[in-house]
Amino acid sequence: MPTRILRLVALLLGFSGAGLLVSPAEAQTCVSQKFSNNKLFQHCSNLSTLSSTLHWTYGADGSLAVAFVAAPAASDGWISWAINPSGSGMVGAQSLIAFKQAGGSVTVKPFRLNSYQSVEQKNLTLEVSDVSAESSGGQMMIFATFRLPENWTTVNQVWQVGSSVAAGRPQIHDFQSANLNAKGTLDLVAAQTGGSTGGGDSRIRKRNIHGILNAVSWGILFPVGIIIARYLRTFESADPVWFYLHVGCQISAYAIGVAGWATGLQLGSKSKGLQYTSHRNLGIALFSLATLQLFALFLRPKKEHKLRFYWNIYHHGVGYAILIMGIINVFKGLNILDPEKKWKSAYIIAIGILGGVALFLEAITWIVVLKRRSSKSTKPYNGQQTI
(Lines give C-alpha, C1' and ligand atoms only; values in the text may rest on other atoms or scores of the structure.)
Protein backbone atom coordinates (compact mmCIF):
# COMPACT_ATOMS: atom_id res chain seq x y z
CA MET A 1 0.00 0.00 0.00
CA PRO A 2 2.68 2.63 0.85
CA THR A 3 4.36 2.14 -2.53
CA ARG A 4 1.08 2.70 -4.38
CA ILE A 5 0.35 5.79 -2.32
CA LEU A 6 3.78 7.24 -3.10
CA ARG A 7 3.25 6.68 -6.81
CA LEU A 8 -0.18 8.33 -6.70
CA VAL A 9 1.16 11.32 -4.81
CA ALA A 10 4.04 11.77 -7.27
CA LEU A 11 1.58 11.66 -10.18
CA LEU A 12 -0.74 14.26 -8.62
CA LEU A 13 2.13 16.58 -7.73
CA GLY A 14 3.45 16.35 -11.26
CA PHE A 15 0.08 17.33 -12.72
CA SER A 16 -0.21 20.27 -10.33
CA GLY A 17 2.89 21.98 -11.71
CA ALA A 18 2.85 20.95 -15.35
CA GLY A 19 0.27 23.53 -16.42
CA LEU A 20 2.47 26.44 -15.28
CA LEU A 21 5.48 25.60 -17.42
CA VAL A 22 4.09 27.43 -20.47
CA SER A 23 4.71 31.14 -20.73
CA PRO A 24 1.64 33.43 -20.52
CA ALA A 25 3.05 35.16 -23.57
CA GLU A 26 2.13 32.07 -25.54
CA ALA A 27 -1.53 32.46 -24.62
CA GLN A 28 -1.98 34.75 -27.59
CA THR A 29 0.83 35.10 -30.08
CA CYS A 30 0.79 37.65 -32.85
CA VAL A 31 2.16 35.06 -35.29
CA SER A 32 -1.09 33.08 -35.19
CA GLN A 33 -3.40 36.07 -35.78
CA LYS A 34 -5.13 36.41 -39.14
CA PHE A 35 -7.16 39.30 -40.56
CA SER A 36 -10.43 39.04 -42.45
CA ASN A 37 -9.21 41.49 -45.08
CA ASN A 38 -6.27 39.16 -45.79
CA LYS A 39 -3.73 41.85 -44.99
CA LEU A 40 -0.21 40.58 -44.41
CA PHE A 41 2.62 42.24 -42.48
CA GLN A 42 6.33 41.57 -42.34
CA HIS A 43 6.68 41.82 -38.55
CA CYS A 44 4.60 41.48 -35.41
CA SER A 45 5.09 41.92 -31.70
CA ASN A 46 3.26 40.87 -28.55
CA LEU A 47 3.09 44.15 -26.67
CA SER A 48 4.05 44.24 -23.02
CA THR A 49 0.65 45.09 -21.52
CA LEU A 50 -3.10 44.91 -22.08
CA SER A 51 -2.89 41.61 -24.02
CA SER A 52 -2.38 43.52 -27.25
CA THR A 53 -0.36 42.95 -30.41
CA LEU A 54 1.09 45.06 -33.21
CA HIS A 55 1.71 44.00 -36.81
CA TRP A 56 3.70 46.25 -39.13
CA THR A 57 5.56 46.63 -42.39
CA TYR A 58 8.15 49.37 -42.87
CA GLY A 59 8.76 50.33 -46.49
CA ALA A 60 11.86 51.82 -48.12
CA ASP A 61 9.78 54.91 -48.95
CA GLY A 62 9.24 55.64 -45.25
CA SER A 63 5.74 54.16 -45.08
CA LEU A 64 4.72 52.29 -41.95
CA ALA A 65 1.67 50.05 -42.33
CA VAL A 66 0.31 48.87 -38.97
CA ALA A 67 -2.42 46.70 -37.52
CA PHE A 68 -3.08 47.08 -33.80
CA VAL A 69 -5.14 44.38 -32.05
CA ALA A 70 -6.57 44.57 -28.54
CA ALA A 71 -9.75 43.91 -26.58
CA PRO A 72 -11.48 47.00 -25.16
CA ALA A 73 -11.89 47.17 -21.40
CA ALA A 74 -15.65 46.65 -21.85
CA SER A 75 -17.93 45.64 -24.72
CA ASP A 76 -18.80 49.30 -25.41
CA GLY A 77 -15.23 50.49 -24.90
CA TRP A 78 -12.43 51.62 -27.16
CA ILE A 79 -8.85 50.85 -28.19
CA SER A 80 -6.10 53.21 -29.26
CA TRP A 81 -2.69 53.11 -30.91
CA ALA A 82 -0.56 56.24 -31.16
CA ILE A 83 2.79 57.59 -32.28
CA ASN A 84 4.45 60.21 -30.11
CA PRO A 85 6.83 62.33 -32.20
CA SER A 86 8.13 64.31 -29.22
CA GLY A 87 8.26 61.95 -26.23
CA SER A 88 7.78 58.46 -24.90
CA GLY A 89 4.48 58.84 -23.04
CA MET A 90 0.90 59.87 -23.61
CA VAL A 91 1.29 63.64 -23.77
CA GLY A 92 2.01 64.72 -27.33
CA ALA A 93 0.90 61.41 -28.85
CA GLN A 94 -1.05 61.33 -32.10
CA SER A 95 -3.61 58.62 -31.79
CA LEU A 96 -6.06 56.55 -33.77
CA ILE A 97 -8.97 55.48 -31.55
CA ALA A 98 -11.48 52.81 -32.54
CA PHE A 99 -14.90 52.25 -30.95
CA LYS A 100 -18.38 51.03 -31.80
CA GLN A 101 -20.98 53.46 -33.08
CA ALA A 102 -24.66 53.42 -32.13
CA GLY A 103 -25.48 51.03 -34.97
CA GLY A 104 -22.80 48.57 -33.88
CA SER A 105 -20.28 49.26 -36.65
CA VAL A 106 -16.70 50.08 -35.69
CA THR A 107 -15.21 53.44 -36.55
CA VAL A 108 -11.74 54.91 -36.05
CA LYS A 109 -10.99 58.60 -35.55
CA PRO A 110 -7.81 60.68 -35.10
CA PHE A 111 -7.11 62.36 -31.76
CA ARG A 112 -4.28 64.51 -30.46
CA LEU A 113 -3.38 63.98 -26.81
CA ASN A 114 -2.31 67.45 -25.76
CA SER A 115 -2.32 66.73 -22.01
CA TYR A 116 -3.73 64.25 -19.54
CA GLN A 117 -6.95 66.29 -19.44
CA SER A 118 -7.09 67.43 -23.07
CA VAL A 119 -7.88 64.99 -25.88
CA GLU A 120 -8.70 66.77 -29.13
CA GLN A 121 -10.36 65.12 -32.11
CA LYS A 122 -8.28 66.52 -34.94
CA ASN A 123 -6.33 65.36 -37.98
CA LEU A 124 -2.83 64.18 -37.16
CA THR A 125 0.26 66.13 -38.14
CA LEU A 126 1.72 62.87 -39.42
CA GLU A 127 0.44 61.85 -42.83
CA VAL A 128 -1.82 58.81 -42.46
CA SER A 129 -3.91 56.87 -44.99
CA ASP A 130 -5.83 53.61 -45.42
CA VAL A 131 -7.37 54.02 -41.98
CA SER A 132 -9.98 51.43 -41.00
CA ALA A 133 -11.14 49.34 -38.07
CA GLU A 134 -13.04 46.14 -37.46
CA SER A 135 -14.19 43.94 -34.60
CA SER A 136 -14.08 40.18 -34.18
CA GLY A 137 -14.27 37.78 -31.26
CA GLY A 138 -14.35 40.51 -28.63
CA GLN A 139 -11.29 42.24 -30.08
CA MET A 140 -10.91 45.37 -32.16
CA MET A 141 -8.35 46.01 -34.88
CA ILE A 142 -7.01 49.32 -36.18
CA PHE A 143 -5.39 49.45 -39.63
CA ALA A 144 -3.46 52.44 -40.95
CA THR A 145 -0.44 53.47 -43.01
CA PHE A 146 1.77 56.31 -41.73
CA ARG A 147 4.27 58.31 -43.76
CA LEU A 148 7.28 58.83 -41.49
CA PRO A 149 9.96 61.53 -41.76
CA GLU A 150 13.15 60.41 -43.52
CA ASN A 151 15.37 60.43 -40.44
CA TRP A 152 13.13 58.23 -38.29
CA THR A 153 14.57 54.84 -37.41
CA THR A 154 12.50 54.29 -34.26
CA VAL A 155 8.91 55.06 -33.32
CA ASN A 156 7.67 55.91 -29.82
CA GLN A 157 4.41 54.00 -29.59
CA VAL A 158 1.63 54.32 -27.03
CA TRP A 159 -1.39 52.03 -26.85
CA GLN A 160 -4.44 51.97 -24.61
CA VAL A 161 -7.90 50.52 -23.98
CA GLY A 162 -10.94 52.08 -22.32
CA SER A 163 -14.36 50.99 -21.12
CA SER A 164 -16.78 53.62 -22.41
CA VAL A 165 -17.56 56.18 -25.11
CA ALA A 166 -19.89 59.18 -24.64
CA ALA A 167 -21.14 61.41 -27.46
CA GLY A 168 -18.52 60.02 -29.81
CA ARG A 169 -15.66 60.76 -27.43
CA PRO A 170 -13.66 58.07 -25.59
CA GLN A 171 -13.88 58.38 -21.82
CA ILE A 172 -10.88 58.23 -19.53
CA HIS A 173 -9.18 54.85 -19.14
CA ASP A 174 -8.15 53.04 -15.96
CA PHE A 175 -4.90 53.94 -14.23
CA GLN A 176 -3.79 50.43 -13.36
CA SER A 177 -0.16 49.43 -13.87
CA ALA A 178 -0.97 47.76 -17.20
CA ASN A 179 -2.49 51.00 -18.50
CA LEU A 180 0.29 53.25 -17.23
CA ASN A 181 2.97 51.01 -18.71
CA ALA A 182 1.39 50.74 -22.18
CA LYS A 183 4.21 52.33 -24.15
CA GLY A 184 7.41 51.31 -25.89
CA THR A 185 9.83 51.86 -28.74
CA LEU A 186 9.47 50.25 -32.15
CA ASP A 187 12.92 49.88 -33.73
CA LEU A 188 12.33 49.88 -37.48
CA VAL A 189 15.97 49.27 -38.43
CA ALA A 190 16.43 46.34 -36.06
CA ALA A 191 13.23 44.78 -37.35
CA GLN A 192 14.41 45.07 -40.96
CA THR A 193 17.69 43.34 -40.10
CA GLY A 194 16.03 40.63 -38.03
CA GLY A 195 17.09 42.08 -34.68
CA SER A 196 15.06 43.00 -31.64
CA THR A 197 12.03 45.20 -32.21
CA GLY A 198 12.82 47.12 -29.03
CA GLY A 199 9.11 47.21 -28.29
CA GLY A 200 6.99 44.99 -26.12
CA ASP A 201 8.60 41.61 -26.86
CA SER A 202 11.68 42.14 -24.67
CA ARG A 203 9.77 43.48 -21.67
CA ILE A 204 6.97 40.95 -21.79
CA ARG A 205 9.51 38.12 -22.08
CA LYS A 206 11.38 39.34 -18.98
CA ARG A 207 8.16 39.80 -17.03
CA ASN A 208 6.94 36.34 -18.00
CA ILE A 209 10.27 34.79 -17.03
CA HIS A 210 10.05 36.53 -13.66
CA GLY A 211 6.47 35.35 -13.16
CA ILE A 212 7.10 31.75 -14.20
CA LEU A 213 10.23 31.37 -12.08
CA ASN A 214 8.51 32.65 -8.97
CA ALA A 215 5.26 30.76 -9.52
CA VAL A 216 7.18 27.50 -9.93
CA SER A 217 9.51 28.12 -6.97
CA TRP A 218 7.59 29.91 -4.18
CA GLY A 219 4.16 28.89 -5.47
CA ILE A 220 4.66 25.21 -6.37
CA LEU A 221 7.98 23.62 -5.36
CA PHE A 222 8.08 24.99 -1.81
CA PRO A 223 4.56 23.71 -1.04
CA VAL A 224 5.46 20.35 -2.61
CA GLY A 225 8.56 20.14 -0.42
CA ILE A 226 6.51 20.85 2.69
CA ILE A 227 3.94 18.19 1.74
CA ILE A 228 6.74 15.66 1.30
CA ALA A 229 8.27 16.44 4.69
CA ARG A 230 4.98 16.51 6.57
CA TYR A 231 3.34 13.38 5.21
CA LEU A 232 5.65 10.97 3.38
CA ARG A 233 7.89 10.45 6.40
CA THR A 234 4.94 8.72 8.06
CA PHE A 235 5.51 5.71 5.82
CA GLU A 236 8.44 3.59 6.96
CA SER A 237 9.14 2.49 3.39
CA ALA A 238 9.73 6.14 2.42
CA ASP A 239 12.57 6.65 4.89
CA PRO A 240 15.09 8.14 4.13
CA VAL A 241 13.89 8.83 0.58
CA TRP A 242 11.42 11.48 1.82
CA PHE A 243 14.28 13.44 3.41
CA TYR A 244 16.32 13.64 0.21
CA LEU A 245 13.21 14.48 -1.82
CA HIS A 246 12.37 17.26 0.64
CA VAL A 247 15.87 18.74 0.64
CA GLY A 248 16.21 18.42 -3.14
CA CYS A 249 12.83 20.03 -3.72
CA GLN A 250 13.50 22.97 -1.38
CA ILE A 251 17.01 23.62 -2.71
CA SER A 252 15.67 23.57 -6.27
CA ALA A 253 12.88 25.93 -5.26
CA TYR A 254 15.37 28.25 -3.60
CA ALA A 255 17.65 28.33 -6.66
CA ILE A 256 14.76 29.04 -9.02
CA GLY A 257 13.32 31.59 -6.58
CA VAL A 258 16.62 33.47 -6.37
CA ALA A 259 16.70 33.67 -10.18
CA GLY A 260 13.13 35.00 -10.18
CA TRP A 261 13.96 37.45 -7.39
CA ALA A 262 16.95 38.77 -9.37
CA THR A 263 14.85 39.29 -12.51
CA GLY A 264 12.32 41.13 -10.37
CA LEU A 265 14.99 43.51 -9.10
CA GLN A 266 16.10 44.14 -12.68
CA LEU A 267 12.55 44.84 -13.82
CA GLY A 268 12.01 47.16 -10.86
CA SER A 269 15.13 49.18 -11.68
CA LYS A 270 13.83 49.74 -15.22
CA SER A 271 10.26 50.67 -14.25
CA LYS A 272 10.46 54.42 -13.92
CA GLY A 273 7.77 55.86 -11.69
CA LEU A 274 6.15 52.46 -11.04
CA GLN A 275 6.58 50.75 -7.69
CA TYR A 276 4.81 47.62 -6.48
CA THR A 277 5.68 48.11 -2.83
CA SER A 278 3.87 45.18 -1.22
CA HIS A 279 4.94 42.72 -3.94
CA ARG A 280 8.53 43.92 -3.68
CA ASN A 281 8.61 43.78 0.13
CA LEU A 282 7.12 40.29 0.19
CA GLY A 283 9.71 39.17 -2.35
CA ILE A 284 12.56 40.51 -0.21
CA ALA A 285 11.08 38.87 2.90
CA LEU A 286 10.74 35.54 1.08
CA PHE A 287 14.32 35.64 -0.14
CA SER A 288 15.58 36.52 3.36
CA LEU A 289 13.60 33.80 5.14
CA ALA A 290 14.50 31.15 2.56
CA THR A 291 18.17 32.05 2.82
CA LEU A 292 17.97 31.88 6.62
CA GLN A 293 16.23 28.50 6.33
CA LEU A 294 18.94 27.19 4.04
CA PHE A 295 21.83 28.19 6.29
CA ALA A 296 20.00 26.94 9.39
CA LEU A 297 20.37 23.40 8.04
CA PHE A 298 24.07 23.60 8.83
CA LEU A 299 23.18 24.37 12.49
CA ARG A 300 20.65 21.55 12.89
CA PRO A 301 21.24 19.74 16.21
CA LYS A 302 21.17 15.95 16.39
CA LYS A 303 17.87 14.31 17.25
CA GLU A 304 18.88 13.55 20.82
CA HIS A 305 20.16 17.09 21.49
CA LYS A 306 18.08 19.17 23.91
CA LEU A 307 18.01 22.11 21.46
CA ARG A 308 16.53 20.00 18.66
CA PHE A 309 13.00 20.67 19.94
CA TYR A 310 13.47 24.44 19.62
CA TRP A 311 15.16 24.08 16.23
CA ASN A 312 12.12 22.12 15.05
CA ILE A 313 9.78 24.92 16.14
CA TYR A 314 11.90 27.47 14.26
CA HIS A 315 12.20 25.28 11.14
CA HIS A 316 8.48 24.54 10.92
CA GLY A 317 7.46 28.13 11.70
CA VAL A 318 9.69 29.68 9.06
CA GLY A 319 8.70 27.00 6.56
CA TYR A 320 4.98 27.68 6.92
CA ALA A 321 5.62 31.42 6.79
CA ILE A 322 7.38 30.97 3.44
CA LEU A 323 4.50 28.80 2.23
CA ILE A 324 1.81 31.39 3.02
CA MET A 325 3.79 34.45 1.89
CA GLY A 326 4.90 32.72 -1.31
CA ILE A 327 1.36 31.90 -2.43
CA ILE A 328 0.13 35.41 -1.56
CA ASN A 329 2.96 37.00 -3.53
CA VAL A 330 2.32 34.80 -6.57
CA PHE A 331 -1.24 36.16 -6.70
CA LYS A 332 0.05 39.71 -6.30
CA GLY A 333 2.44 39.09 -9.18
CA LEU A 334 -0.36 37.70 -11.35
CA ASN A 335 -2.39 40.85 -10.72
CA ILE A 336 0.57 42.98 -11.80
CA LEU A 337 1.49 40.86 -14.82
CA ASP A 338 -2.18 40.77 -15.87
CA PRO A 339 -2.03 37.69 -18.15
CA GLU A 340 -5.10 36.08 -19.65
CA LYS A 341 -7.53 34.81 -17.02
CA LYS A 342 -6.77 31.18 -17.77
CA TRP A 343 -3.24 31.50 -16.36
CA LYS A 344 -4.50 32.69 -13.00
CA SER A 345 -7.10 29.91 -13.15
CA ALA A 346 -4.32 27.40 -13.91
CA TYR A 347 -2.42 28.43 -10.79
CA ILE A 348 -5.59 28.27 -8.67
CA ILE A 349 -6.19 24.76 -9.99
CA ALA A 350 -2.57 23.79 -9.21
CA ILE A 351 -2.88 25.07 -5.64
CA GLY A 352 -6.23 23.32 -5.35
CA ILE A 353 -4.66 20.02 -6.41
CA LEU A 354 -1.85 20.45 -3.87
CA GLY A 355 -4.42 21.21 -1.19
CA GLY A 356 -6.37 18.11 -2.18
CA VAL A 357 -3.20 16.01 -2.03
CA ALA A 358 -2.45 17.42 1.44
CA LEU A 359 -5.96 16.58 2.70
CA PHE A 360 -5.73 13.09 1.22
CA LEU A 361 -2.37 12.45 2.88
CA GLU A 362 -3.61 13.95 6.15
CA ALA A 363 -6.38 11.35 6.22
CA ILE A 364 -4.00 8.52 5.27
CA THR A 365 -1.53 9.66 7.93
CA TRP A 366 -4.15 9.51 10.68
CA ILE A 367 -5.25 6.07 9.51
CA VAL A 368 -1.66 4.88 9.78
CA VAL A 369 -1.27 6.50 13.20
CA LEU A 370 -4.45 4.97 14.58
CA LYS A 371 -3.48 1.53 13.29
CA ARG A 372 -0.09 1.81 14.94
CA ARG A 373 -1.65 2.88 18.22
CA SER A 374 -4.25 0.13 18.13
CA SER A 375 -1.56 -2.48 17.54
CA LYS A 376 0.45 -0.98 20.43
CA SER A 377 3.46 -0.33 18.26
CA THR A 378 6.72 0.17 20.08
CA LYS A 379 7.31 3.29 17.99
CA PRO A 380 4.06 5.27 17.93
CA TYR A 381 3.69 8.37 15.84
CA ASN A 382 3.83 11.35 18.24
CA GLY A 383 4.13 14.29 15.84
CA GLN A 384 7.71 14.99 16.86
CA GLN A 385 9.54 13.41 13.92
CA THR A 386 11.39 15.91 11.82
CA ILE A 387 14.23 16.22 9.39
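**View 1. Helix 5 and helix 6 cross in the left-handed sense.** A crossing is left-handed if the near helix is turned anticlockwise from the far one by less than a right angle, and right-handed if clockwise. This is a predicted model: local features need pLDDT of at least 70, side-chain atom pairs count only at pLDDT 80 or more, and totals for chains, interfaces and linings use all residues. Residues are numbered from 1 along each chain as its sequence is written, and side-chain values use heavy atoms, with hydrogens and water left out. The axes of helix 5 (residues 241–269) and helix 6 (residues 277–296) come within 11 Å and cross at roughly 145°. Axes are lines fitted to C-alpha atoms, for helices over the stretch in contact, and angles run from 0 to 180 degrees between N-to-C directions. Helix 5 makes the contact through Ile251, Tyr254, Val258 and Trp261. Helix 6 brings Gly283, Ile284, Phe287, Ala290, Thr291 and Leu294. Contact means heavy atoms within 4.5 Å. By class, the contact has eight nonpolar, two polar and no charged residues. Ala, Val, Leu, Ile, Met, Phe, Trp, Tyr, Cys and Pro count as nonpolar, Asp, Glu, Lys and Arg as charged, and the others, Gly among them, as polar.

View 2. Buried residues of helix 6 include His279, Leu282, Leu286, Gln293 and Ala296. Gly283, Phe287, Ala290 and Thr291 are also buried, and these four belong to the contact with helix 5. Buried means under 20% relative accessible area, exposed over 50%, partly exposed in between (1.4 Å probe, protein chains only).

View 3. Helices (H or I, at least four residues) and strands (E, at least two) are DSSP runs, numbered from the N terminus. Two strands pair if DSSP finds at least two bridges between them.

**View 4. Strand 5 (residues 94–100) is largely enclosed by the rest of the structure, because six of its seven residues are buried.** Strand 5 pairs with strand 4 (residues 78–83) in the antiparallel sense over six bridges. Here Ser80 stands opposite Ile97. Seven bridges join strand 5 to strand 6 (residues 106–113), also antiparallel. Phe99 stands opposite Thr107, and Ser95 has Phe111 as its bridge partner. Strand 5 and strand 6 form a hairpin with five residues between them. In the turn, Gly104 has a positive phi of about 100°.

**View 5. Leu50 and Ser51 have positive phi values, though neither is glycine.** Leu50 sits in the loop between strand 1 (43–46) and strand 2 (53–58). Ser51 lies in the loop between strand 1 and strand 2. Phi is near 65° for Leu50 and near 50° for Ser51. Leu50 counts as buried because its relative accessibility is 13%. Ser51 is partly exposed, with a relative accessible area of 36%.
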